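Here are a few notes to read alongside the model on your screen.

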Amino acid sequence: MTPGKATAEATRAAALAAQCEDARTPLLSTLGAPSVRLTKREQEIALMAVAGNSSKTISEHLTLSVRTVDNRLQHIYLKLGVRARADLAKALEYEAGRQ
């Protein structure tokens, strides 16, 4: 299973577990365990993308090529189990809540 798929499945599992109120099992207790984390640079790029900045704007601000920004965004999407910028904000909120 890819890291992105694993993260997406963990998100789904956490949502289902939340519906189980106070159910406690050994497996459910692992849902809060750390998952794949974004690097500082990935966090910076992700936050700028969520703020509505284009890849070109991000690249100019961080002194990177547009291609590098787009490649980093693809790695971020894989890690968080999302497919586009539109899904990125929700995934970042979920990850922030876990830390």
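1. A word on elements first: helices (H or I, at least four residues) and strands (E, at least two) are DSSP runs, numbered from the N terminus.

2. Some ground rules. This is a predicted model, in which local features need pLDDT of at least 70 and side-chain atom pairs count only at pLDDT 80 or more, while totals for chains, interfaces and linings use all residues. Residues are numbered from 1 along each chain as its sequence is written, and side-chain values use heavy atoms, with hydrogens and water left out.

3. How confident is the predictor? The pLDDT (its confidence in each residue, from 0 to 100) averages 79 over the protein, and 69% of the residues score at least 70. Where pLDDT is low, the predicted coordinates should not be read in detail.

4. Which residues of helix α2 (residues 40-50) are buried? Taking buried as under 20% relative accessible area, exposed as over 50% and partly exposed as in between (1.4 Å probe, protein chains only), they are E42, I45, A46, M48 and A49. Seen down the axis of α2, these buried residues fall within an arc of 165°, so they line one face of the helix; the arc is that of the directions from the helix axis to the C-beta atoms. On the face turned away from the buried side of α2 you will find the exposed residues K40 and L47.

5. Next, please look at S55 in helix α3 (residues 55-62). S55 counts as buried because its relative accessibility is 11%. Its side chain makes a polar contact with the side chain of R85 at 2.7 Å. Such a contact is a pair of N or O atoms within 3.5 Å; within protein, one must be able to donate a hydrogen and the other to accept it, and residues adjacent in sequence count only if both atoms are side-chain atoms. Leaving out residues up to four places away in sequence, S55 touches V66, V69, D70, L73 and R85, where contact means heavy atoms within 4.5 Å.

6. S59 also lies in helix α3, and at 5% relative accessibility S59 counts as buried. Beyond its neighbours within four places in sequence, S59 contacts L64, S65, V66 and V69.

7. Finally, T63 sits in the loop between α3 and α4 (66-80). Its relative accessibility is 69%, so T63 counts as exposed. Although T63 is not a glycine, its phi is positive, about 55°. Most residues other than glycine have a negative phi.

Note on methods. pLDDT is the predictor's confidence in each residue, from 0 to 100.
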